[in-house]
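Hi,

Here is the structure I promised to pass on to you.

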Amino acid sequence: MSAEITELNAVYGPFFGVMGAASAIIFSSLGAAYGTAKSGTGISAMAVMRPELIMRSIIPVVMAGIVAIYGLVVAILIAGDLKAPNEGYQIYTGFLHLGAGLAVGFSGLAAGFAIGIVGDAGVRGTAQQPRLFVGMILILIFAEVLGLYGLIVAIFLYSQN
């Protein structure tokens, strides 16, 4: 079914949807990459002193990777809903998709930064004082939840269409 091009389904409407999908995966992956790299340097430094704690210290890296999955989910949802303007893709839908992508992307970026910084300091500290492990995990959970909040808002925005 072909729809007439109007200001409601303008020709540039899908651009915003594509930018939403791109923002979701790019920014959340940037956060995950930073969290992985920063935590990885802490794990490497810690492993020199206490190599038996390497597997226990992988938790921040795994949590950083989960942030990228949030962005991937939203990007796939948005990409699956993209259509040509003459097929009825309205500019309102494009703006919703852009907002959803930015919400999960930027919150994933922030969560990745927090996970990286806490993971780096946490695994180094845990090597010296093992009782810090539980505190590090709790702080990492609170950092991860920031990305989850973005995912929830993104799914809510996506479903408003």
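This is a predicted model: local features need pLDDT of at least 70, side-chain atom pairs count only at pLDDT 80 or more; totals for chains, interfaces and linings use all residues.

Let me start with helices H1 and H2. H1 covers residues 13-49, and H2 covers residues 59-81. Their axes come within 8 Å of each other and cross at roughly 175°. Angles over 145 degrees count as roughly antiparallel, so H1 is roughly antiparallel to H2. In the contact of H1 with H2, 14 residues are nonpolar and ten are polar, while no charged residue takes part.

While you are on H1, have a look at glycine 20, which sits in that helix. With a relative accessibility of 0%, glycine 20 counts as buried.

Next, the charged pairs. Side chains of opposite charge can pair when their charged atoms come close. The structure holds three salt bridges, and two of them meet at aspartate 120. One partner is lysine 38, with the closest N and O atoms 3.6 Å apart. Because lysine 38 belongs to helix H1 and aspartate 120 to helix H3 (residues 91-128), this pair ties together parts that are 82 residues apart in sequence. The other partner is arginine 124, where the closest N and O atoms are 2.7 Å apart. Arginine 124 and aspartate 120 are four residues apart in H3, which means about one helical turn separates them.

The remaining salt bridge links arginine 50 and glutamate 52, with the closest N and O atoms 2.8 Å apart. Here arginine 50 is partly exposed, with a relative accessible area of 25%, whereas glutamate 52 is exposed at 54%.

Finally, the surface. Val62, Ile66, Ile69, Val73, Leu77 and Ile155 form a nonpolar patch there, and together they have about 430 Å² of accessible area. Helix H2 supplies the largest share of the patch, five residues. Leucine 77 is located in H2, and its relative accessibility of 31% makes it partly exposed.

Happy to talk any of this through once you have had a look.

Best wishes

Technical notes:
Residues are numbered from 1 along each chain as its sequence is written. Side-chain values use heavy atoms; hydrogens and water are left out. Patches are made of residues with over 30% relative accessible area and no salt bridge: like charges are joined within 9 Å, nonpolar side chains (Val, Leu, Ile, Met, Phe, Trp, Tyr) within 5 Å. Accessible areas come from the Shrake-Rupley method with a 1.4 Å probe; for residues, only the protein chains shown count as cover. A salt bridge is a side-chain nitrogen of Lys or Arg within 4 Å of a carboxyl oxygen of Asp or Glu. Helices (H or I, at least four residues) and strands (E, at least two) are DSSP runs, numbered from the N terminus. Buried means under 20% relative accessible area, exposed over 50%, partly exposed in between (1.4 Å probe, protein chains only). Axes are lines fitted to C-alpha atoms, for helices over the stretch in contact, and angles run from 0 to 180 degrees between N-to-C directions. Angles under 35 degrees count as roughly parallel, over 145 as roughly antiparallel, 65 to 115 as roughly perpendicular and the rest as oblique. Ala, Val, Leu, Ile, Met, Phe, Trp, Tyr, Cys and Pro count as nonpolar, Asp, Glu, Lys and Arg as charged, and the others, Gly among them, as polar.
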